[in-house]
Amino acid sequence: QRVAADELRQIEFDRVKKAIEAKNAVEESTQPILEVSRQQRIQLEDAKKFNQLVREGILPAEAERVINFERLVQSELQTLDTTIARNQARVTELETEVQALEVKADAVALEKGATDEIFAQIQARSGNINKIQEEIDALRARRDAIAGAAAAGPGAAPTNRERLETEIGAL
């Protein structure tokens with residue numbers, strides 16, 4: 001009866017793992033289409049923001065600088081968010097593996113050598129979970145620092161004189 005329950009847990013674990021793999025495959029296959037759509041949406045938002053800034057009296061060069069700064073910040077934050085999400089998914093995967101190993105350890109508790117090996121695997125995965133969790137915390141701190149620095153804006157714009165000198169120097 002205990003063996004049947006363990007087999008059912010293993011079957012459920014395998015089913016969940018296959019479902020996660022299928023979900024990941026679908027996400028990977030739709031990624032290029034979603035990326036093109038996202039880029040078009042960003043370009044449209046940038047054009048709207050540019051027009052708004054120019055209507056407010058900001059010079060086109062300064063408006064472009066502000067938009068580029070905002071785009072850079074958004075890109076960095078998006079990259080960090082994606083990395084955090086991937087790490088969180090890996091933590092969940094490792095936690096599921098640990099649970100499966102614990103079930104397996106209970107099933108083979110009579111065989112000392114087998115349980116020692118399983119407990120070593122559990123400890124290794126638990127160590128990985130802790131390392132990944134530390135990475136997630138560091139990434140979140142980095143994200144918060146970037147968001148805080150970005151709140152200050154792109155900095156002072158070059159004066160008209162500096163802009164003209166740069167243009168004259170380029171000629």
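The questions below go through the pocket, some charged pairs and the nonpolar core.

Modeller: This is a predicted model, so local features need pLDDT of at least 70, side-chain atom pairs count only at pLDDT 80 or more, and totals for chains, interfaces and linings use all residues. Residues are numbered from 1 along each chain as its sequence is written, and side-chain values use heavy atoms, with hydrogens and water left out.

Biologist: Thanks! How much space lies in the largest pocket?

Modeller: Rolling a probe the size of a water molecule over the atoms shows where empty space is left. On a 1 Å grid over the protein atoms alone, a pocket is an open set of points where a 1.4 Å probe fits, with protein on both sides within 12 Å along at least five of seven lines, and lining residues have an atom within 4 Å of a point. Grid points are joined across faces, edges and corners, and the volume is the space filled by probe spheres set on them. For the largest pocket, that space is about 1200 Å³.

Biologist: Which helix gives the largest share of the lining of that largest pocket?

Modeller: Helices here are DSSP runs (H or I, at least four residues), numbered from the N terminus. Helix H1 (2–55) and helix H2 (60–107) each supply at least two residues of the lining. The largest share, 19 residues, comes from H1.

Biologist: And how many charged residues does the lining of the largest pocket have?

Modeller: The lining has 35 residues, with Gln31, Gln78, Thr82, Ala85 and Arg86 nearest the pocket centre. In the classes used, Asp, Glu, Lys and Arg are charged, Ala, Val, Leu, Ile, Met, Phe, Trp, Tyr, Cys and Pro are nonpolar, and the others, Gly among them, are polar. Alongside eight nonpolar and ten polar residues, the charged ones number 17.

Biologist: Which residue does Lys49 meet in a salt bridge?

Modeller: Side chains of opposite charge can pair when their charged atoms come close. A salt bridge is a side-chain nitrogen of Lys or Arg within 4 Å of a carboxyl oxygen of Asp or Glu, and the structure holds nine of them. Lys49 has its partner at 4.0 Å, N to O; the pair joins helix H1 to helix H2, so it ties together parts that are 21 residues apart in sequence. That partner is Glu70.

Biologist: Is Glu62, the salt-bridge partner of Arg65, buried or exposed?

Modeller: The closest N and O atoms of Arg65 and Glu62 are 2.9 Å apart, and both residues lie in helix H2, three residues apart, about one turn of the helix. Buried means under 20% relative accessible area, exposed over 50%, and partly exposed in between (1.4 Å probe, protein chains only). Arg65, at 25%, counts as partly exposed. With a relative accessible area of 13%, Glu62 is buried.

Biologist: Where does Arg143, the partner of Asp81, lie?

Modeller: The side chains of Asp81 and Arg143 meet in a salt bridge at 2.5 Å, N to O. Asp81 lies in helix H2, so the pair ties together parts that are 62 residues apart in sequence. Arg143 itself lies in helix H3 (residues 112–151).
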